[in-house]
Amino acid sequence: MQNTVTPTHCPYCALQCGMNLTPEQDGSVAVVERPDFPVNRGALCGKGRTAPAVLSSSVRLTTPLVRNAGVLEPATWEEALGRIADALSRTRTEHGPDACGVFGGGGLTNEKAYTLGKFARVVLGTSQIDYNGRFCMSSAAAGGIKAFGLDRGLPFPLEDIPKTGCVILVGSNLAETMPPALRYLTELKANGGKLIVIDPRRTRTAEQADLHLAPRPGTDLALALGLLHLVVAEGRTDEAYIQERTSGWEEARAAAMAHWPELVERITGVSVPQLRETVRLFCEPESAMVLTARGPEQQSKGTDTVGAWINLCLATGRAGRPLSGYGCLTGQGNGQGGREHGQKADQLPGYRKLDDPAARRHVAEVWGVDPDSLPGPGRSAYELLDALGTDIRSLLLMASNPVVSAPRAAHIEERIKSLDFLAVCDVVLSETAALADVVLPVTQWAEETGTMTNLEGRVLLRRRAITPPEDVRSDLEVMHELASRLGVEKGFPTDAEEIFEELRRASAGGPADYSGITYRRLAEENGVFWPCPAEAPEPQQADAGTPAPPASKPLPGTASATAQDGEDAALDLWPDDPASEAEPRAAAAAHPGTPRLFLDRFATPDGRARFVTVTHRPLAEEPDDEYPVLLTTGRVVSQYQSGAQTRRVDELNAAAPSAFVELHPRLAERLGAKEGDPLAVVSRRGRATAPARITTSIRPDTVFMPFHWPGEGRANTLTNPALDPTSRMPEFKACAVRVELAP
Ligand code: SF4
């Protein structure tokens with residue numbers, strides 16, 4: 001134990017709630033409130049409160065496992081690492097480097113994500129790396145880059161939400177996915193602001209709304225276009241703003257005008273009066289925001305849908321202005337940082353593009369390799385998983401459980417089984433790890449130090465608070481050892497801060513510039529918003545009221561401010577670290593970080609935001625006579641993603657023990673189903689069964705299943721892997737099914 005109280009952050013979602021960990025007599029830790037962290041001000045959901053239970057769970061992996069005669073058996077690290085290195089080496093020799101695949105996760109720290117991308121490209125020489133964050137936020141990222149030239153989940157801090165005039169929340173159930181964030185919406189309403197929630201279900205979040213729109217799943221794009229049509233028709237556009245700060249308006253306007261209200265009512269099921277009321281509530285106040293989450297994003301037209309919502313913001317002058325803008329509520333703990341530092345198929349650290357020659361040169365120089373040796377972009381997550389056992393013969397997988405979380409999961413499970421070799425690093429024997437040839441037990445969260453980047457773009461420091469079990473090692477040690485066995489002796493350190501120092505250099509000058517951030521600053525400032533270059537901006541670029549730091553280099557596309565005004569300094573974290581007693585390992589940089597983006601200009605070459613020209617199109621799979629109902633999927637408050645960790649916590653399992661099928665009483669009556677009756681939900685990809693949960697809070701043409709469980713109730717057995725052409729995001733949110741009473 002290193003400190004009596006260790007301030008750190010929750011291991012789960014992108015809110016990255018602050019928490020303090022205190023030691024218990026038995027060597028474990030207890031979670032206590034950390035009110036000084038501004039994002040959650042001490043509040044935690046049940047997942048965060050119970051997070052330590054996973055570390056001491058009886059099913060925690062505490063020794064490597066290797067498969068002998070079909071059975072996973074305990075082994076030494078030497079043997080386990082040797083088997084992985086031999087398999088990867090053999091695959092590379094026999095089939096070429098691209099036959100080695102790497103699959104990461106949005107829960108990995110920035111240091112791990114960075115090292116995993118480097119490991120794939122430098123050690124294995126493979127282009128075949130992607131991560132499960134592709135399933136989470138890639139459509140919002142693609143939409144943001146198209147319109148603004150930059151992707152950061154929220155371009156403003158959460159603290160701005162209660163001060164705006166109106167929030168349209170699209171496809172987000174904050175009350176269940178990140179409950180402490182709900183207070184931003186209740187404060188908005190208390191301040192007189194209006195909340196509009198768009199969701200096919202009347203969720204606990206929708207119940208808070210001044211106006212709830214329940215469109216048919218998959219029609220968010222038409223809905224946004226219909227609202228823009230009304231904005232134009234009612235003369236509510238901000239012509240001066242459009243002229244001064246945007247491009248592409250005429251084409252986008254023409255496309256929107258083809259989506260007249262009565263047509264949109266027919267497509268979406270949202271009435272014309274509701275559309276008009278939405279426009280009124282959004283346009284009347286001086287400021288307003290649109291926030292999207294997985295609902296509109298996890299569609300085969302997710303990028304266009306995000307673009308349509310951004311168009312609405314741009315046409316009304318509600319982007320790049322104080323208390324206004326478009327933002328995405330990223331889901332996974334490090335969904336943001338994970339996509340910035342190189343584990344995504346097409347990216348290099350700093351959110352650089354892998355096919356950009358200048359980016360390749362910069363990163364190759366930091367890595368000490370020839371730029372021409374770096375492979376090009378690889379397959380996206382679903383495409384990579386779909387190629388297992390054919391083009392990809394061996395896979396190294398970290399922090400992901402695609403047997404439960406991938407679309408068309410039964411097919412992906414078969415692809416995984418057809419691999420020549422699978423190695424998995426995890427904390428428990430997940431459903432995917434159970435199929436592996438080698439399983440490595442790795443440290444988690446409270447047992448290690450590293451940085452995460454939350455949904456606001458706030459880079460945070462997670463601190464080690466507890467000693468891991470004896471035979472457990474970190475993912476960083478795993479990559480160090482494998483690199484060494486595969487002939488790369490240097491460049492893969494095991495110390496997180498040392499890796500972060502390299503990441504700073506690799507990201508310098510890139511869109512996600514971390515070069516001015518140090519561990520010391522993260523501890524003292526309670527997080528720093530990127531971009532944060534090593535040099536400070538010109539004094540006039542700082543926010544009003546922010547003391548101007550001394551230095552010179554302006555930061556295109558941004559306006560800067562202090563990360564946390566008035567925050568107390570954090571505790572001294574490294575009393576045994578000589579660096580903390582004298583100087584930090586790197587000199588503290590003067591740039592204050594960038595809580596609010598785009599106030600001066602957007603991050604496009606000409607500084608203007610770009611309207612995108614989009615039109616409605618149907619789902620990849622519309623209902624028909626054989627599959628007449630729509631299935632939508634999502635989360636419940638007491639489980640997290642594939643449930644690999646939360647399903648191991650008794651308290652959470654007691655609250656949410658298994659899958660269910662939520663359906664409207666009218667549909668239940670047609671089926672002859674009563675509450676609790678077992679239902680079979682069947683799609684073209686498979687069949688899942690779970691008990692009926694009958695409620696008027698869902699549309700009669702739609703059923704809902706949470707996706708946290710394997711086996712009979714696995715919702716992703718049913719989901720459609722149809723991909724968005726730009727983001728390569730699968731269409732998790734809507735597919736055609738039939739529902740019947742299970743025998
Ligand atoms: Fe906060 Fe998310 Fe953790 Fe819950 S799961 S405590 S909302 S970070």
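Two strands are said to pair if DSSP finds at least two bridges between them. Strands (E, at least two residues) and helices (H or I, at least four) are DSSP runs numbered from the N terminus. The structure is a predicted model, in which local features need pLDDT of at least 70 and side-chain atom pairs count only at pLDDT 80 or more, while totals for chains, interfaces and linings use all residues. Residues are numbered from 1 along each chain as its sequence is written, and side-chain values use heavy atoms, with hydrogens and water left out.

In β7 (residues 129-131), Ile129 is the bridge partner of Val102. Strand β6 (residues 100-104) pairs with β7 in the parallel sense over three bridges. Between β6 and β7 the chain passes through helix α4 (residues 110-124), and this β-α-β crossover is right-handed; that is, with the strands pointing away from the viewer, the path from the first strand over the helix to the second runs clockwise. Strand β6 also pairs in the parallel sense with β16 (residues 394-398), over four bridges, where Leu395 is the partner of Gly101.

Five of the five residues of β6 are buried (under 20% relative accessible area, 1.4 Å probe, protein chains only). Cys100, Val102 and Gly104 point one way, and Gly101 and Phe103 the other. In a regular strand the side chains alternate between the two faces of the sheet.

Ser727 lies in the loop between β30 (720-723) and β31 (730-731). Ser727 counts as buried because its relative accessibility is 2%. Leaving aside residues up to four places away in sequence, Ser727 touches Arg134, Ser138, Ser139, Ala142 and Thr303, contact meaning heavy atoms within 4.5 Å.

Technical notes:
Buried < 20%, exposed > 50% of the residue type's maximum accessible area, 1.4 Å probe, protein only.
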